[in-house]
Amino acid sequence: MWQFFHKLGSPKWFYGIATRFMPWLLASGLLLLAGGLAWGLAFAPADYLQGNSYRIIFIHVPTAFLAQSMYIMMAVAAVVTLVWRMKLADVFVKAVAPVGLVFTFLSLFTGAVWGKPTWGTWWVWDARLTSMLILLFLYGGVIALDRAINDEKSAARAVAVLVLVGVVNIPIIKYSVNWWNTLHQPATFKLTEKPSMPVEMWVPLLLSVLGLYLLFGWLACLRMKTEILVREQKTRWVKDLVMAGRG
Amino acid sequence: MTTDVRPGLKPVESGVGLFPAMAAVFMRDVRVAFRQRQDLLNPLLFFIMVVTLFPLGVSPEVEFLRQSGAGILWVAALLSVLLSLDHLFRHDFDDGTLEQLVLQPQPLFALVLAKTVAHWILTGLPLVVLTPILGIMVHLDGNSIAILCLTLLIGTPVLSLIGSIGAALTLGLRSAGVLLSLLIIPLYIPVLIFGTGTVAAASEGSPVAGYLALMGAFLVLALTLAPFASAAALRISLSNS
């Protein structure tokens, strides 16, 4: 157990493992995502109320799903950084934060595109939209703080503190935004009364969510590997690796 | 143990208890602040000016101001607390006092709490005192002004406490001011929502005790957790320099 733990902290070990797993992650992720999207976009039945416009759900929901769970993963990594000073955890936070920002933006963007035909407007100050917007700000803050601190170790720990403060706040923000929204404007629209989806709709959705998770795993590995190479550029094994690649 | 660089810093002996040490830090911060009075006035002037912008920029109509007055005052108070946060640790950081604080035998979070309380007394509380005058200028009725003052009284310490984390994290960075705002504004949103929500509920005649209790809960939560986060952040920032 402890040996495994120490291994997990070693960038070199991770580099090797990631290199071995990445093709599998990429292949299975692409396969699932392509399958889910093709099924969802082309073959799933049209919604009885929204027609074909609902099909953006197959992109919208997976991105939103990942955007939220990435922050939680970052928070776990932040605890590991602060408690065990594990290098990899901090590499993970640094590598994933921009991905989280992009996914949050994508989910907001696809939501806006979906909102136009469904609600008749690009943007509504609805509780869920607003809390996703705040999540976008939190990601932005994490990235900005990381870029602002030059020293690598301090940056890692400062960012970890910020991520944790954010994660304590997320439930409070979400709750308060819900409360705020229901007080001021009692739902002028209904999110099409969330239909208990038929199987032909939620299976492709599940496939795309899983596919995107796997793809995210691949992307995280790729970004972490790059970050590790930058950080460890003075070590022997990276030099050997580069020389081997060249020769 | 410490050589005084700035006036008012009394060496705290290692035998001193927790509360006397906190009191000493608090008194020192207040004393230093009163020797640079302009720094005390600036956030207040900023508060008044931001409030002035709204009638000029949006609409001077009584109806509009009455409806959004509480929100305007809350946003202005929030911004002016944000503006003053940069001073919370900056001077002590520049002249090395902060390192001495970290080296004290008393736990750092308690001393940070004392500093934050001083910050609130020096910036948050004056804002609350000014609020009735500005409230009248934006045509709020007496009841709303009273509730608004109450929410600010509970809310501004939360702003100071959460802000102390951001101030500690951005200590010694370039363009710390803007970065501080980026980090802290998302965390201020719940306080703002409940602060203005309370006033809105009061003006509709609904009971406000529940909202005030929730704001009190925020205060207790911030009071218990924020000093630890700030202390951790301060150690990181100091090890960075």
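## Reading the helices of chains A and B

UniProt, in an unreviewed entry, lists residues 40-58, 64-85, 117-139, 145-171, 178-202 and 208-234 of chain B under "transmembrane region".

User: How should I read that record, and what kind of model is this?

Analyst: UniProt positions are given in the numbering used here, feature names are shortened, and annotations may be inferred rather than shown by experiment. This is a predicted model, in which local features need pLDDT of at least 70, side-chain atom pairs count only at pLDDT 80 or more, and totals for chains, interfaces and linings use all residues. Residues are numbered from 1 along each chain as its sequence is written, while chains are lettered from A and ligands numbered from 1 in the order in which they are written.

User: How many helices and strands does chain B have?

Analyst: Helices (H or I, at least four residues) and strands (E, at least two) are DSSP runs, numbered from the N terminus. Chain B has 9 helices and 0 strands, so its pattern along the sequence reads α-α-α-α-α-α-α-α-α. Residues 145-171 of chain B are 93% helix and 0% strand, and their end C-alpha atoms lie 36 Å apart.

User: What does the radius of gyration say about chain B?

Analyst: The radius is taken over C-alpha atoms, and the globule rule is 2.2 Å times the number of residues to the power 0.38. For 241 residues a compact globule would come out near 18 Å, and the 19 Å of chain B agrees with that. Along the principal axes, the C-alpha atoms of chain B fill a box of roughly 60 × 35 × 30 Å.

User: How do I read a pair of packed helices?

Analyst: Two packed helices are described by the angle between their axes and the distance between the axes. Axes are lines fitted to C-alpha atoms, for helices over the stretch in contact, and angles run from 0 to 180 degrees between N-to-C directions. In chain B, H8(B) and H9(B) pack at about 160°, with axes 9 Å apart. That makes H8(B) roughly antiparallel to H9(B) (angles under 35 degrees count as roughly parallel, over 145 as roughly antiparallel, 65 to 115 as roughly perpendicular and the rest as oblique).

User: Which residues of H8(B) and H9(B) meet, and what is the hand of the crossing?

Analyst: A crossing is left-handed if the near helix is turned anticlockwise from the far one by less than a right angle, and right-handed if clockwise. H8(B) passes H9(B) in a left-handed crossing. Among the residues that meet are Pro190(B), Val191(B) and Phe194(B) in H8(B) and Tyr211(B), Leu212(B) and Phe218(B) in H9(B). By class, this contact has 9 nonpolar, 3 polar and no charged residues (Ala, Val, Leu, Ile, Met, Phe, Trp, Tyr, Cys and Pro count as nonpolar, Asp, Glu, Lys and Arg as charged, and the others, Gly among them, as polar).

User: What is the angle between H2(B) and H6(B)?

Analyst: H2(B) (residues 37-57) and H6(B) (residues 108-137) pack at about 35°, with axes 10 Å apart. The crossing is right-handed. Leu40(B) and Phe47(B) of H2(B) and Leu122(B) and Pro126(B) of H6(B) are among the residues that make the contact. That contact divides into 11 nonpolar, 1 polar and no charged.

User: Where does chain B touch chain A?

Analyst: Two residues are in contact if their C-beta atoms, placed from the backbone, lie within 7 Å. On that basis, 20 residues of chain B contact 24 residues of chain A. Helices H7 (142-169), H8 (176-203) and H9 (209-240) of chain B each give two or more residues to this side. H8(B) gives the most, with 10 residues. By class, this side of chain B has 17 nonpolar, 3 polar and no charged residues.
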